[in-house]
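Please look over the chain shown here before reading on. The paragraphs after it go from the overall make-up to single contacts.

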Amino acid sequence: MSTRSLWQHQDFVKLWIGQTVSELGTVVTRTAVPLVALLVLGAGPWELAVLVIVTSAGVLLVGLFAGAWVDRLLRRPLLIGDDFIRAGLLLSIPVAYAFGGLRIEQLYVVMFLESCLGALFDAAYPAYVPTLIGRDRLVEGNSRLATSSSIAEIGGPGFAGALVQIVSAPFAILVDAVSAISLMMIRAPEPPRPPREATTRIVHEIAEGLRVVRRHAIVFPLAARSVPAHVFGAFYGVLYSIYLLRELHLDPFLLGIVISAGGVGALVGSLFAARVVNALGIGRALVGTAIAASALGVLTPLAQGPVALAALMVFLPQLIGDGLQTIEGVAERSLIQGVIPDRVLGRVNATLDVVSHGVGYPLGAIVAAFVAEQIGVRGAIAIGWAGMALSILFLVFSPVPGLRAASDFVAGEAAIP
């Protein structure tokens, strides 16, 4: 195993820079597009809801096909082409605005297609990383890449707001259109994809990916946990700001501080993720940080009292809990990359993305709104926390906690046919 830091790996540094720009651009787009709809096109709640629906629909409709294409083709050219096409789509928004022809229907089409391409990117990207840095460096590499996401989450919303203020919302979206260049600069050759029978239909390849996830002793518990975790996690996504503002009576400034604390915690977690995984073992680190974050997270539905106390009770789960969840995420991604053969890794990534973001999250958003109407926002937040906490049982009662490293499973199991 190489002892050289990945910061000395020139191709990885290029990948990291590109991912950092991409993550920042994603946050800017996520912030700016609803503002385009609101401030430029005068959209109401229904139009904003449709934006959320079309984004989830893209992942749901093409995610599994995207995974099959990722396993058929070289990943780096796929990532580069994907980035350039997405850039063109996003560029159409400020161009249409500049010529006075921007309509809400264009936003729907662009965000649907962008989410389709995003599903392809999300399947290909984690499948490409092991090829670039080797499976023995996955924990370190994913820890460094998690730092990119954390930096974007800390600075992205403020940066997006400043851009919207300075250049207007449509032109702020251009930040998300410049991340492919660093991928083009990577010099390491990518091995050719393994040969496949010309008569194999894509639906059969998709079915194989689904079978791998269903039958895999390690990945299936992760997938089974992911569905309820995203369903109940959506309760927070839909209701969290309302809960802090209306139930706990935080002002917008305190709300911003609390949410920003999550980004700071995630950044710290990404910096320590590799050390924690190496010290505890990948399985114990994954399950242990999930349990610790959940235990701390109970403070959120219990928050009450004076504003300062209530703010502290939601601040701590954001700051410390998000750091723990970042370590958990690094361990989970590294484990999946380590135990799944390269030839089906794209399909496995896509399957996990579809069941969590394409099915779990939008379903949870609908259920959250219904539950909040029936029992109130605080009760819905409590149910969200309980559901996410209980989902960890899928991991506790699985082989995951016993794994010191991903190679322990690979060495002890027959290869996937």
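The model is predicted, not experimental. Its secondary structure consists of 17 helices and zero strands. The chain has 417 residues, and 51% of them count as buried. Among contacts with a separation of 6 or more, 87% are between residues 24 or more positions apart.

Leaving out residues up to four places away in sequence, L15 touches Y125, Y128, V129, L132, L183 and I186.

L15 also takes part in the packing of helix 1 on helix 4. Helix 1 covers residues 10-40, and its axis lies 13 Å from that of helix 4, at an angle of about 160°. An angle over 145 degrees counts as roughly antiparallel, and helix 1 and helix 4 are therefore roughly antiparallel to each other. The crossing of helix 1 and helix 4 is left-handed. From helix 1, the contact uses D11, F12, L15, Q19, T29, V33, V36 and A37, while helix 4 supplies I104, L107, M111, F121, Y125, Y128, V129, L132 and I133. By class, the residues of this contact divide into 14 nonpolar, two polar and one charged.

Helix 4 also packs against helix 14, which runs over residues 342-375. Here the axes are 8 Å apart and the angle is about 140°. That angle makes helix 4 oblique to helix 14. The crossing of helix 4 and helix 14 is right-handed. On the helix 4 side the contact is made by A119, D122, A123, P126, A127, P130 and T131; on the helix 14 side, by D342, L345, G346, N349, A350 and D353. The contact of helix 4 with helix 14 has seven nonpolar, three polar and three charged residues.

Helix 14 has a further partner in helix 8, made up of residues 202-215. The two pack with axes 9 Å apart and at an angle of about 75°, so helix 8 is roughly perpendicular to helix 14. Helix 8 contributes E205, I206, E208, G209, L210, V212 and V213, and helix 14 contributes R343, V344, R347, V348 and T351. Of the residues in this contact, six are nonpolar, two polar and four charged.

The last stop is S92, in helix 3, which covers residues 75-98. Is S92 buried, partly exposed or exposed? With a relative accessible area of 24%, S92 is partly exposed, because buried means under 20% and exposed over 50%. Not counting residues up to four places away in sequence, S92 touches Q106 and V110. S92 and L102 are ten residues apart in sequence, and their C-alpha atoms are 9.0 Å apart in space.

Terms used:
Residues are numbered from 1 along each chain as its sequence is written. This is a predicted model: local features need pLDDT of at least 70, side-chain atom pairs count only at pLDDT 80 or more; totals for chains, interfaces and linings use all residues. Side-chain values use heavy atoms; hydrogens and water are left out. Contact means heavy atoms within 4.5 Å. Axes are lines fitted to C-alpha atoms, for helices over the stretch in contact, and angles run from 0 to 180 degrees between N-to-C directions. Helices (H or I, at least four residues) and strands (E, at least two) are DSSP runs, numbered from the N terminus. Angles under 35 degrees count as roughly parallel, over 145 as roughly antiparallel, 65 to 115 as roughly perpendicular and the rest as oblique. A crossing is left-handed if the near helix is turned anticlockwise from the far one by less than a right angle, and right-handed if clockwise. Ala, Val, Leu, Ile, Met, Phe, Trp, Tyr, Cys and Pro count as nonpolar, Asp, Glu, Lys and Arg as charged, and the others, Gly among them, as polar. Buried means under 20% relative accessible area, exposed over 50%, partly exposed in between (1.4 Å probe, protein chains only).
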